[in-house]
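Q: I have just opened this structure and would like a short tour. Could we go through it step by step?

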Amino acid sequence: MPLTQNASLVLGSSSRWRRELLERLQLPYQRYSPDIDETPRANESPKALVHRLALSKANAVAPHFPNHYIIGSDQVALFEGDILGKPHTQERACANLARFSGQRVTFLTGLALLDTQRQRHYTHIEPFDVIFRQLTTREIERYVTLEQPLDSAGSFRMEGLGITLFEALEGRDPNALIGLPLIALCNMLRQVGMDPLDG
């Protein structure tokens, strides 16, 4: 469903991919891009980080939408104890994928739904594991050149050529890997009386 002015549901994100995922639910919504600092805090756990960032995005949008339900979401990749966000450069994306070759990487996606009228919120963290196949340097470089996944946690885009990098996927909701766990979101929306199937 297209963006609808004055809809009570608001997506607090500038991500095209999250927008496309939300549109699968066929609910009218508005979109507003939050501006927050995504830097991890000292000694902050990965779960605490994605929880804080998802809720911070929704809260950053809240002053503009006083009687709405605002969705915030954020994602990190975890590998060998490191928290990996967006690579931002081609070199870092290639280095990440070289590390991931033949390995399992865990993704955590934080989700928040903020009810600004009643001043309450719902949160969820969705884990998802990706097992990468053995990748050659040429494959990695070609993938990064073709898809430019510089704004994606994990240095790939699941919704594009990223699928060619994998041996297997393990988790409840593959939409989480793209950036918005729709199963959890539908559960939250039902709690606030916004069931996509109750038309």
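Predicted model: local features only at pLDDT ≥ 70, side-chain atom pairs only at ≥ 80, totals over all residues.

Q: Where is His-68 found?

A: His-68 is in the loop between helix H2 (46-61) and S3.

Q: And is His-68 buried or exposed?

A: His-68 counts as buried, because its relative accessibility is 14% and the cut-off for buried is under 20%.

Q: Let us move to Ser-13. Which loop holds that one?

A: Ser-13 is found in the loop between strand S1 (9-11) and helix H1 (16-23). With a relative accessible area of 5%, Ser-13 is buried.

Q: What does the side chain of Ser-13 reach?

A: The side chain of Ser-13 reaches the backbone nitrogen of Ser-15, at 3.0 Å. Leaving aside neighbours within four places in sequence, Ser-13 is also in contact with Arg-18, Arg-31, Tyr-32, Ser-33 and Pro-34.

Q: Now the aromatic rings. How many aromatic pairs are there?

A: The count comes to seven aromatic pairs. One of them joins Tyr-32 and Phe-65: the ring centres are 5.8 Å apart and the planes stand at 80 degrees, so the pair is edge-to-face.

Q: Which parts of the chain does that pair link?

A: The pair links distant parts of the chain, 33 residues apart. Tyr-32 is in the loop between strand S2 (30-31) and H2, while Phe-65 is in the loop between H2 and S3. Tyr-32 counts as partly exposed, at 31% relative accessibility, whereas Phe-65 is buried, with a relative accessible area of 8%.

Q: What about Phe-156 and Phe-166?

A: Phe-156 and Phe-166 form an edge-to-face aromatic pair, 5.0 Å centre to centre, with 80 degrees between the planes. Phe-156 lies in the loop between H4 and strand S7 (166-171) and Phe-166 in strand S7, so the pair ties together parts that are ten residues apart in sequence. Phe-156 is buried at a relative accessible area of 3%, and Phe-166 counts as buried at 11% relative accessibility.

Q: Which residues form the aromatic cluster?

A: Phe-79, Phe-100, Phe-107, Phe-132, Phe-156 and Phe-166 form one aromatic cluster.

Q: Turning to helix H3, which of its residues are buried?

A: In helix H3 (residues 90-100), the buried residues are Ala-93, Cys-94, Asn-96, Leu-97 and Phe-100. They cover an arc of only 160 degrees around the axis, which puts them on the same side of H3.

Q: Why would residues three or four places apart point the same way?

A: An α-helix has 3.6 residues a turn, so residues at that spacing point the same way.

Q: What covers the buried residues of H3?

A: The cover includes strand S3 (69-79), strand S4 (82-84), strand S5 (104-115), strand S6 (120-132) and helix H4 (137-147). H3 is followed by Gly-102, with a positive phi near 75 degrees.

Q: Last topic: which residues are buried in H6?

A: Leu-182, Ala-184, Leu-185, Cys-186, Met-188 and Leu-189 are buried in H6. Their cover includes S1, H1, S3, S5, S6 and helix H5 (175-178).

Q: What is Leu-185 in contact with?

A: Beyond neighbours within four places in sequence, Leu-185 is in contact with Leu-22, Leu-25, Ile-71, Leu-111 and Leu-180. Leu-185 counts as buried, at 0% relative accessibility.

Key:
Residues numbered from 1 in each chain as written. Heavy atoms only, no water. Buried < 20%, exposed > 50% of the residue type's maximum accessible area, 1.4 Å probe, protein only. Helix = DSSP H or I, 4+ residues; strand = E, 2+ residues; numbered from the N terminus. Arc of directions from axis to C-beta. Contact = heavy atoms within 4.5 Å. Polar contact = N/O pair within 3.5 Å; in protein donor to acceptor, adjacent residues only side chain to side chain. Phe/Tyr/Trp six-rings, centres within 6.5 Å; stacked < 30°, edge-to-face > 60°.
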